[in-house]
Amino acid sequence: MNVHETVRQEPAPAAGTPPSGGGFWDFRRVNQARSITFFSLGAAIGLAIAGFGLLTAKGTSTHAVPPENVALVNQRPILRTDFIAQTEAELGKPFGEATVAERLKVLDEMIREELFVQRGLELDFPGTDPDTRTALVAAVEQQVVADVTTHQPADAELQKYFEDNRANYATEGTMALHNLVLPKAKASGPDALAAAQKAADALRAHAPLDAVVKTYGLQELVAEHASDEQFYFAQRIHLGQALYERALTLDDGDVSEPIAAQDGIHIVQMLKNTKPLPLTFERVRSQVLNDYVTAAKKRLEDADLQYLREKADILIADDYAADYEKHQGDKGPEATKPAASGKP
């Protein structure tokens, strides 16, 4: 099989005429001058963009103050908004009414403050100075609870908190009682318990208190407060937790069963037990609001602290590790990693 191919030949250029590469703007033909020009222009633009990025990157030095700042101190900005706010706070009048001299005085104070702050950071005051550390802790705590501080809860939120914690909103109860004890020094063992039981039965039978005390060798504890009506919290202090819990179950005129304690056997004679009365939400709304905000702050602080603990690598010396882990309790094992060695 024969294949015939027709070849079209371009006419040869006239003698003495140089071959044409097309005009500069003739994009149908390759032009060496145009290619070199565009390549050089692209390289120049690329270098300009890279240089701008390097000169304006964070941490680089600049000799121009950005419009949002009023000054730069070692490349640390002093914002115009802060400058205006401090000027108005110090002078007690709008910024527009301040004279140039007054504004410059405030600006000089802010520059002085920034210089001292930077020097304090160089000296590691946040890590070594107790007052600075305390201020930093307070600042972080305030930042954590800022949303709670500025948020005004609706009555529905407060009402729910009130219902969930109703036991905290009641009148303070009072008690008037006699706390009698049969000392261990006078009697011990089964005889002491039997004598105390007889004394309790005599009091229930309305025998005179003085006669019962004398007959069975009892003593009145906290005699200066005997039979005085006192708030529950005061009686808890006088009685101790065990006796106080027993006293809460007594009504007016009741006498407790003998209660053994370290100092002897106690008998509580209740003269008057005025129990707490629940208060209405309307009456304690301000207290509920305060408690609600306090509880919300505590939740946020605990959550933030837990987050920081999880991020941190905390090592405890061997001689404190076990006790610290026990003390932390439910806060999580990530907070109690014992050190491999070393003593504090």
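Modeller: Helices (H or I, at least four residues) and strands (E, at least two) are DSSP runs here, numbered from the N terminus. This is a predicted model, in which local features need pLDDT of at least 70 and side-chain atom pairs count only at pLDDT 80 or more, whereas totals for chains, interfaces and linings use all residues. Residues are numbered from 1 along each chain as its sequence is written, and side-chain values use heavy atoms, with hydrogens and water left out.

Colleague: Does Gln118 count as buried or exposed?

Modeller: Gln118 has its place in helix H3, residues 100-122. A residue is buried under 20% relative accessible area, exposed over 50% and partly exposed in between, with a 1.4 Å probe and protein chains only. Because the relative accessibility of Gln118 is 12%, this residue counts as buried.

Colleague: Which residues does Gln118 touch, not counting residues up to four places away in sequence?

Modeller: Contact means heavy atoms within 4.5 Å. With residues up to four places away in sequence left out, those that Gln118 touches are Val73, Asn74 and Arg76.

Colleague: In the loop between which strands is Gln75 found?

Modeller: The phi of Gln75 is near 70°, a positive value in a residue other than glycine. Gln75 counts as partly exposed, because its relative accessibility is 33%. The loop that holds Gln75 lies between strand E1 (69-73) and strand E2 (76-79).

Colleague: What is the phi of Asp124?

Modeller: Asp124 lies in the loop between H3 and helix H4 (125-128), and with a relative accessible area of 41% it is partly exposed. Although Asp124 is not a glycine, its phi is positive, at about 60°.

Colleague: How far apart in space are Arg80 and Leu107, C-alpha to C-alpha?

Modeller: Arg80 is found in helix H2, residues 80-91, and at 41% relative accessibility it counts as partly exposed. Leaving aside neighbours within four places in sequence, Arg80 is in contact with Pro67, Glu68, Asn69 and Val70. In sequence Arg80 and Leu107 are 27 residues apart, and from C-alpha to C-alpha the separation is 10.0 Å.

Colleague: About how much space lies in the largest cavity?

Modeller: On a 1 Å grid over the protein atoms alone, a cavity is a set of points where a 1.4 Å probe fits but cannot get out, a pocket is an open set with protein on both sides within 12 Å along at least five of seven lines, and lining residues have an atom within 4 Å of a point. Grid points are joined across faces, edges and corners, and a volume is the space filled by probe spheres set on the points. The count comes to one cavity of 30 Å³ or more. The space in the largest cavity is about 80 Å³.

Colleague: Which elements give two or more residues to the lining of the largest cavity?

Modeller: Of the 13 residues that line this cavity, the closest to its centre are Leu177, Asn179, Leu221, Val222 and Gln235. Asn179 counts as buried, because its relative accessibility is 4%. The elements that give two or more residues to the lining are strand E3 (174-183) and helix H10 (232-239).

Colleague: From which element comes the largest share of the lining of the second largest pocket?

Modeller: This pocket has a volume of about 190 Å³, and its lining includes Val137, Glu141, Asp302 and Leu308. Helix H5 (130-144) and helix H12 (285-311) each give two or more residues to the lining. The largest share, five residues, comes from H12.
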